[in-house]
Amino acid sequence: MATLLKWYKPLLPRLSLFYRKTFTSKPLHSKTNLRVRSFSAINCGSKSPPCTTSSESNLSNSLAIDGDNFGNSSREMKKELWLYNTMSRQKELFKPKIEGRVGMYVCGVTAYDLSHIGHARVYVAFDVLYRYLKYLGYEVNYVRNFTDVDDKIIARANELGEDPINLSRRYCEEFHHDMTYLNCLPPSVEPRVSDHMPQIIDMIKQIIDNGCAYTINGDVYFSVDKFPGYGRLSGRKLEDNRAGERVAVDSRKKHPADFALWKEYSSLILQSAKEGEPFWESPWGPGRPGWHIECSAMSAAYLGFSFDIHGGGMDLVFPHHENEIAQSCATCHESNVSYWVHNGFVTIDSEKMSKSLGNFFTIREVIVLYHPLALRLFLMGTHYRSPINYSELQLESASDRLFYIYQTLHDCVNTVSQYDEAGLKDSIPSGTATCINKFQDECLTSMLDDLHTPVVLAAMSEPLKTINDLLHTPKGKKQELRIESLAALGKTIRNILTILGLLPDSYSEALQQLKDYALKRAKLTEDQVMKKIEERNVARKNKEYEKSDAIRKDLAAVGIALMDSPEGTTWRPAIPLALQDPQFAAS
Ligand SMILES: [Zn+2]
């Protein structure tokens, strides 16, 4: 935590002083670090040199991923990362603007409610990218904002009779808890809109000065006609934005696609607001910023106008990111983001997730029944750009897989720990070395190819199977080689789990948690399961096989698998048979 604060501190702008909780009557004469250029030509998307800001000197990162070097076996393989760029619609070789350093901005949440699994997908996807860039040796300045000024926040606060700023603070904290559950590393900095009003106002002023925005009675609109590159990211043409469809009709606007940079307070009151809502003074009168301008202003404040990666969910491509590009370019003609990275949607039982359909799950609702790392594993089981279908069966499969991985590694560590590791000669048998090299190469190749996590997860099967085979090999003369192999395989998988953010603090603790979750889903206690095992033992002794089979089947139906061994019967979580086989469920 101390390291984190050390990293945050120099970045936290003095502008927090401008934080406005309530009315302010004085105009804000702020000067930001944005060095703006006159708007002569727009070359957004071209590889122009960066517009420097003082914040660029902060491009360093003291956060370190736990664990050792991630199996750098991959001998002399070139570590060239290819990322899909929404702008060019193809995979591109990743080359940061400054050697060894990466500036990454990811659009954060609007803090007015608990985050749902669509959010979980975004932030797990970018956590994987963040971790992987760090693994590749980059210093990453990862900026993820909080939208804490928004009409939705105010509407919710009115509903609850709560102060809007308090409400958003509360939900920012809830979001942090969710990120901790999902094992997402904290970003380098998490700027909030309410702390950056001076930068936002300065940027709007500059856009107006550059002739790309106009005012109407205290509102400020961006003039899309003035930005020739508008629509390049989304591939939409201006004429597609017909009034009355996606874009609200406003007869005062010069073009139906023009969007608000600043909304005047009195017009907000007419719309939905109540007195007492937060607003800020501006050269155009009191009001609040439009949604899109915050990310242009905050990315420029922390990363400069020219930086490497801008990310978010696919739903942000239009209008949010399209508008961000327009605003940033209209402020500084050298504005440039090298890679626009977007993750795919989450569907639920193959339907789009939405509140109105009632198939909407918050992260908190999911992790009541499933281990948070099982949710993370599920999200990584599909490539980040593909749509992902959330279902009970998928979550059960992820939980089952996680149990298998942790159980295997737990047994492996237990066996190895019975030997003096220092005494091991580090001479891995060639069969094991081949298995490890193959696995590491597959991981590296897949991750470098636009972060193909599903391939990495699938590739884990072979070394896990090898560990299990070795664990069940009778002890013999080659015992030492067996232990060497187990130690090397265990370490390799552990390293990959670290890159993926799937390594638990303790295998045994995680296994117990997975079992507790399974019991909860089965609506059984451990005692009840043990009683059932006892009953079954008695039935088997009495040769009442029908009865003993029925007990096993009933437990399997709800996700409790019995395992018989010479030492007795134990249980482990499994995918409920009732879910795997609909006919079984009906019977
Ligand atoms: Zn944004």
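A residue is called buried here if 20 or more other C-beta atoms lie within 10 Å of its own, exposed if 12 or fewer do, and partly exposed in between, with C-beta atoms placed from the backbone. The structure is a predicted model, in which local features need pLDDT of at least 70 and side-chain atom pairs count only at pLDDT 80 or more, while totals for chains, interfaces and linings use all residues. Residues are numbered from 1 along each chain as its sequence is written.

Of the 587 residues in the chain, 45% are buried. Helices (H or I, at least four residues) and strands (E, at least two) are DSSP runs, numbered from the N terminus. The chain has 20 helices and 15 strands. Two residues are in contact if their C-beta atoms, placed from the backbone, lie within 7 Å. Among contacts in the chain with a separation of 6 or more, 78% are between residues 24 or more positions apart.

Helix H10, residues 372-380, is mostly covered, with 8 of its 9 residues buried. These are Leu373, Ala374, Leu375, Arg376, Leu377, Phe378, Leu379 and Met380. What covers them includes helices H2 (117-135), H9 (363-369), H11 (392-417), H13 (453-459) and H15 (479-500), as well as strand S13 (388-390).

Strand S13 also belongs to a sheet. Strands of a sheet pair through backbone hydrogen bonds, either parallel or antiparallel. Two strands count as paired if DSSP finds at least two bridges between them. An open sheet of 3 strands has the order S12-S11-S13, with mixed pairing. Strand S12 (351-352) and S13 are at the edges with a single partner strand each, so one side of each has no neighbour in the sheet. Strand S11 (residues 346-348) runs parallel to S13 and is joined to S13 by 3 bridges. Threonine 347 is opposite asparagine 389 in S13.

Another open sheet has 4 strands in the order S4-S3-S9-S10, and its pairing is parallel. Its edge strands, S4 (139-144) and S10 (336-343), each pair on one side only. From one strand to the next, the twist averages 25°. For such angles, axes are lines fitted to C-alpha atoms, for helices over the stretch in contact, and angles run from 0 to 180 degrees between N-to-C directions. Within this sheet, strand S3 (residues 101-106) pairs with strand S9 (residues 306-313) in the parallel sense over 3 bridges. Methionine 104 is opposite isoleucine 309 in S9. Helix H7 (residues 293-303) lies across S3, S4 and S9, and runs at about 155° to S4.
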